[in-house]
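The sequence and the model come before the description.

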Amino acid sequence: MTALKMKIAVFASGSGSNFAAIAEACRLGELNAEIVLVITNKPDAYVVERARQANIRVVAFQSAAYKTKDTYEEAILAMLHEAGAEWLVLAGYMRLVGEPLLSAYPSRIVNIHPSLLPSFPGIDAIGQAVAHGVKVTGVTVHLVDEGMDTGMILAQRAVNVVDGDVDKTAEAIHAVEHDLYKETLNSLFSR
Ligand code: GRF
């Protein structure tokens, strides 16, 4: 008997290569999940185009349109409930998650970060690693809490810094991210 597919919402603000990898894994049956919604805070992000091409519902929420961060997240929450989302999968969502989402999805929000946390949290993790001169960096998948990239670590994989170059290293990191996210989500959803 096939287990029911996990209903997930992907949060993304950028190019959406992780979204695309997850969507493809769902399509191929490599991940027993269905993306019921894509949430973005950047209506012109390339992830919007990718979601449309994949025929997945995408909704843009701009925090400036709301009085507070709580009301912004409550609007998102209403949409998540309507779509039946069971897990929130952050893939380049460039905002800290607040109390409304955290309390509605306790230990059910996951993020991917392009470094071996706790090294290089926050923005431009690959640039930080290269500027620091480390030879090995990597990828971390972790649960989301109220901090900046501080939640419980679920999986990590090392990636060599390539020629001290941010772009080349980013390319190597993205390839690893796409595999590691799929594997980690698979083990989370089969618990
Ligand atoms: C990834 O490097 C991810 O680790 C970070 O944001 C980036 C998103 O890339 N949180 P993409 O939009 O999925 O291509």
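## Buried area between the domains

Domain 1 and domain 2 bury about 1100 Å² between them, with 68% of it on carbon and sulfur atoms, where buried area is the accessible area (1.4 Å probe) that two parts lose on being put together, summed over both. Of the area that domain 1 buries against domain 2, Asn18, Leu31 and Trp87 supply 39%, more than any other three residues.

The model is predicted, so local features need pLDDT of at least 70 and side-chain atom pairs count only at pLDDT 80 or more, while totals for chains, interfaces and linings use all residues. Residues are numbered from 1 along each chain as its sequence is written, and side-chain values use heavy atoms, with hydrogens and water left out.

## Domain layout

Domain 1 covers 1–106 and domain 2 covers 113–142 + 154–191, with bounds that come from an automatic or database domain assignment. Their C-alpha centres lie 21 Å apart, and the contact (heavy atoms within 4.5 Å) takes 16 residues from domain 1 and 11 residues from domain 2.

The rule finds one salt bridge across the interface of domain 1 and domain 2, a salt bridge being a side-chain nitrogen of Lys or Arg within 4 Å of a carboxyl oxygen of Asp or Glu. Glu30 forms a salt bridge with Lys182, and the closest N and O atoms are 2.9 Å apart.

On the side of domain 1 that touches domain 2, H1 gives the most, with five residues; helices here are DSSP runs (H or I, at least four residues), numbered from the N terminus.

Technical notes: Helices (H or I, at least four residues) and strands (E, at least two) are DSSP runs, numbered from the N terminus.
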